[in-house]
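Welcome! Let us take a friendly look at the aromatic rings of this structure and at what surrounds them.

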Amino acid sequence: MVPQWLQDLTMRGLARDPTRRFPSMDALLAELDRVRGRRRLIAGGLAALALGVAGFVFSQADPVCQGADDKLAGVWDDTRSRALHEAFLATELPFAIQASSFARNALDSYASQWKTEHQEACLAHHQGEQSDSVLDLRMSCLQRRRTELAARVDVLAEADDATVIRAVDSVLSLTPVASCSDPAQLLDEWKRIDGLRDPTAPTQVETLRLKLAHIDALERAGRLQPGLALAEEAVRDAQAIDDRPVLAEALLRRGTLLAESGDTRAAESELWRAIVTATRSDHEEVLARAMIKDVYVLAHDADSFATADRMAEKADALLERIAPRSRLVGELRNNLAVLRFRQGRHDESEALHRENLQFRRATLPAHDPEIAMTLCNLGVDLQERRRFVEAAALLRDSIAEFSKALGEQHPNTLQTLANLALVQFDNGEFEQARESLAGSLAAWTAITGSDNPSTAEHQSVAGLLDLRDGDVVGGLAKLKRAHELGERIGDSAARYRTRLSYAQALWEYAPDRRSLALELAHAAEHDAIVLRDAHRRSVARDWLRARELGGAAEPTHAEP
């Protein structure tokens, strides 16, 4: 806890009225000697606050508050913009040009906001409205935003396919520059974190923060393995200097990468370490991010639902206090909706998605990809509840939003169109489903690969449509492939469809494999139990009873 005498001295140094501040560093240090004695920790910390970030604040010899452009030279300028564009085009992805345009426009906007904030901070100080110490706080914050921007651009300029796919999301996830405009918030953060740090540590800490910014950029770009390798180094480095706030950041980055890689058990362990370390170091932002990600991880383990509920409640309380209108609120609501759906609390899941849609429309720019994703998630949610007309309308809206935000050939747009095909098929609109798949599945798999497990349900429906057209060989081949992909994912809903659809097809078109058909149908019934889906269980059970008891044959393509 920061001593009261230190808080008083700090607030005097931040006074808006110049006559109330210490006239010099000597006066400040003399007061420190009088009050408590010049301690190495405090003197070093306040000296950094009072004197500023070397080389970053304008010198008096410069024109007043000019030259912000120079501060971003080599970080984001015309040269870096051209390099990014060329790297995107080199991937030869069909949406690379649009992705480049969207990403560069977003980076231009971010850079413009940074320059404006930089100039406003300088002018407030020059006009005597804010103290030297406030200027230092704001400039230190801007330096961190600059570091984050530089790391993000560096990774984007080395683009591979995954980077281009996630480019727009990567840029939009940059920490808002506006966070550097609130001196009270910046001071609070300094007192809780940086103000208590040993004055010999800043160089080591800044080196680690550079590495953490690069790790974050790699994760946002979908480059998970390089990010994991670097995150392991960062955790060791933070432990070596015994800096808890930075260690919490490193643990968060590693836990997030493990979650994105599908290693949920390791991710949950690392995120819990991040939560504990962030709590001990009073690092509220890291604490919020770690809890939100942990809710998502825990939501995929039925044995951890109660823990996920408590974690979500704590995260919501923290966000209400520190960031009530940030993107983190939308992420938490989405993760909580996933949890509610997996708990079988479907009305609550729908309500959360609708609430989140309203929140994101109110707080995000028009056509932000997160709005499109919320529409898609709500549509899929309603599809699972057999509200096909409403689901189709939401998915069409999502396709329109994704097209504007990312382009018509972006995988998110194509996947949503393929999701619409599932809704149309389940609603008996077979021609429409065939048309939607024709416009999406081949293009989607060409980008993400035909072995992408996310395409399992869609390939299964494509196989069933082939069977309806009389292409037995082709249909069975697609259904087999869909089943193989479905076994590689943890989504019980997808596995239910691929297992039961393949079982139905084998029973009718491959009589010698009927034992396998029954085995698959039993597995599908179990999936329905896990999903707490009475309708799905009834369909699988009735199909099984009719065949195991030798009952009358039912249509091959019974609704999954």
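## Aromatic rings

Trp543 is buried, with a relative accessible area of 1%; buried means under 20% relative accessible area, exposed over 50%, and partly exposed in between (1.4 Å probe, protein chains only). This is a predicted model, in which local features need pLDDT of at least 70 and side-chain atom pairs count only at pLDDT 80 or more, while totals for chains, interfaces and linings use all residues. Residues are numbered from 1 along each chain as its sequence is written, and side-chain values use heavy atoms, with hydrogens and water left out.

Two aromatic pairs are found in the structure. Rings of Phe, Tyr and Trp (its six-membered ring) pair if their centres lie within 6.5 Å; planes under 30 degrees apart count as stacked, over 60 as edge-to-face and the rest as tilted.

| Pair | Centre to centre | Angle between planes | Arrangement |
|---|---|---|---|
| Phe425 and Phe430 | 5.2 Å | 65° | edge-to-face |
| Trp507 and Trp543 | 5.9 Å | 75° | edge-to-face |

Trp507 belongs to helix H26 (residues 492–509) and Trp543 to helix H28 (residues 534–548), so their pairing ties together parts that are 36 residues apart in sequence. Helices here are DSSP runs (H or I, at least four residues), numbered from the N terminus. Trp507 counts as buried too, at 17% relative accessibility.

In the other pair, Phe425 is buried at 6% relative accessible area, whereas Phe430 is partly exposed at 23%.

Charges meet rings as well: the charged end of Arg333 sits over the ring of Phe359, 4.8 Å from its centre. A charge sits over a ring if NZ of Lys or CZ of Arg is within 6 Å of the ring centre and within 35 degrees of the ring normal. Lys293 lies over the face of Tyr296, 5.9 Å from the ring centre.

Conventions:
Helix = DSSP H or I, 4+ residues; strand = E, 2+ residues; numbered from the N terminus.
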